[in-house]
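Open your viewer and get ready to select residues by number. This tour tells you what to pick next and what to look for there.

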Amino acid sequence: MTRITEDQYRRLVSRRSVLKGSAALAALPLLSWTEIARAAEPHRFMQGDADVSVISDGELTLPLNVLSPDATPEQLAEIAKTMGWTDGSAHPSTNIPLIRMGSDLILVDTGSGNRFAPTAGKLSENLAAAGVEPGAITRVVFTHAHPDHVWGTVLDDGTLRFPNATYHVGATEHAFWTDPDIFSKLPENFHDFARGAQRDLAAVKDRMVLVKGGDDIVTGLSAIDTPGHTPGHISLALAGGDGLIITGDALSNQIISFEHPGWKFGFDAIPYLAIANRRRLIDRMVADKSAVLGYHFAYPGVGMAEASGDAFRYVAG
Ligand SMILES: [Zn+2]
């Protein structure tokens, strides 16, 4: 599912052969396409005046049934096959939008850091490969405070990975995770999530702006309330052209979210609300013919939604 342009491939080959000589060329066929794509230039496009890159934070490894407890094992096996996952687990990408608008350089979420999954936490190295210094990021937007979206916020020494940024956080999301009674409200297996969210939200509190649906992050980039995956989840609308919807985890998989929007996602906190807002968001992108960027779709996760029967279809590209 990972795509790389011929031009990117040629640049990669020439860079490798310069660095390592002809032995690197001989070794190239041993690299998987995913590894080649990761080492290549990030996927980049213009949305109106905004210059958007998709920076990979690596991938997660999850049990297949987390994709949806509503799917049969046979349906999950078919989806895994289509996604190119061959080891019986799900390997969702983690696609972090980097948006240059005017004088702002904006990241949407900070990834897993080194705390959540050994196959994730690649944001810093991939930003460096794209020539972006951590200090150059002016704004960070959190779609929600789950581990794979915010645990990359704080470095091991307690300082911020992006020290000069303003942090835009959904007001409802912030209130949920910082509730002093959170641990009595959440099942025990989510307590680590809460401890992590509290660590990261506390770390940015002096640089934080609380937002609600409809608020501008900057002119042309606004928050959309999409609660359900978490109680205060937000997605983003980027203006320019027919627009771009940045889903966060309101949509979690490019097959399931579109073709079975009524199926629960294993990590949805309030499933009926997540399903309602997922449909609402897809209806909006179909009506507006806007592009979509999914955090967990196969890298780079950029495409379009189409109506298909009584559901939808995702068309990459
Ligand atoms: Zn996620």
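**Start at a ring**

Select Phe265: this residue is buried, with a relative accessible area of 9%. Buried means under 20% relative accessible area, exposed means over 50%, and partly exposed lies in between (1.4 Å probe, protein chains only).

Two notes before you go on. This is a predicted model, in which local features need pLDDT of at least 70, side-chain atom pairs count only at pLDDT 80 or more, and totals for chains, interfaces and linings use all residues. Residues are numbered from 1 along each chain as its sequence is written, and side-chain values use heavy atoms, with hydrogens and water left out.

**The aromatic cluster**

A pair of aromatic rings is described by the distance of the centres and the angle of the planes. Rings of Phe, Tyr and Trp (its six-membered ring) pair if their centres lie within 6.5 Å; planes under 30 degrees apart count as stacked, over 60 as edge-to-face and the rest as tilted. How many aromatic pairs does the structure hold? There are 10.

Now select Phe116 and Trp151. Their ring centres are 5.7 Å apart and their planes stand at 80 degrees, so this pair is edge-to-face. The pair links distant parts of the chain, 35 residues apart. Phe116 is in the loop between β6 (104-108) and α5 (123-129), and Trp151 is in the loop between α6 (147-150) and β8 (166-170). Helices (H or I, at least four residues) and strands (E, at least two) are DSSP runs, numbered from the N terminus.

Show the surface. Phe116 is partly exposed, at 29% relative accessible area. Trp151 is buried, at 9%.

Phe267 is partly exposed, at 23% relative accessibility.

Ring pairs link Phe116, Trp151, Phe190, Phe193, Phe265 and Phe267 into a cluster.

Which residue has its charged end over the ring of Trp151? Select Arg199: its charged end sits 5.2 Å from the ring centre. A charge sits over a ring if NZ of Lys or CZ of Arg is within 6 Å of the ring centre and within 35 degrees of the ring normal.

**The sheet**

Switch to cartoon view. Strands of a sheet pair through backbone hydrogen bonds, either parallel or antiparallel. Here an open sheet of seven strands runs in the order β1-β2-β5-β6-β7-β8-β9, with mixed pairing. Two strands pair if DSSP finds at least two bridges between them.

Select β7 (residues 139-142) and β8. They run parallel and are joined by four bridges. Pick Val141: its bridge partner in β8 is His168.

Select Tyr299 and Pro300. The peptide bond between them is cis, with omega near 0 degrees. Pro300 lies in the loop between β14 (291-293) and β15 (302-308).

Jump to Asp109, in the loop between β6 and α5. Its phi is positive, about 80 degrees, although Asp109 is not a glycine. Is Asp109 buried or exposed? Asp109 is buried, with a relative accessible area of 0%.

Finish at Lys289, in the loop between α11 (271-288) and β14. Phi of Lys289 is also positive, near 55 degrees, in a residue other than glycine. Lys289 is exposed, at 57% relative accessibility.
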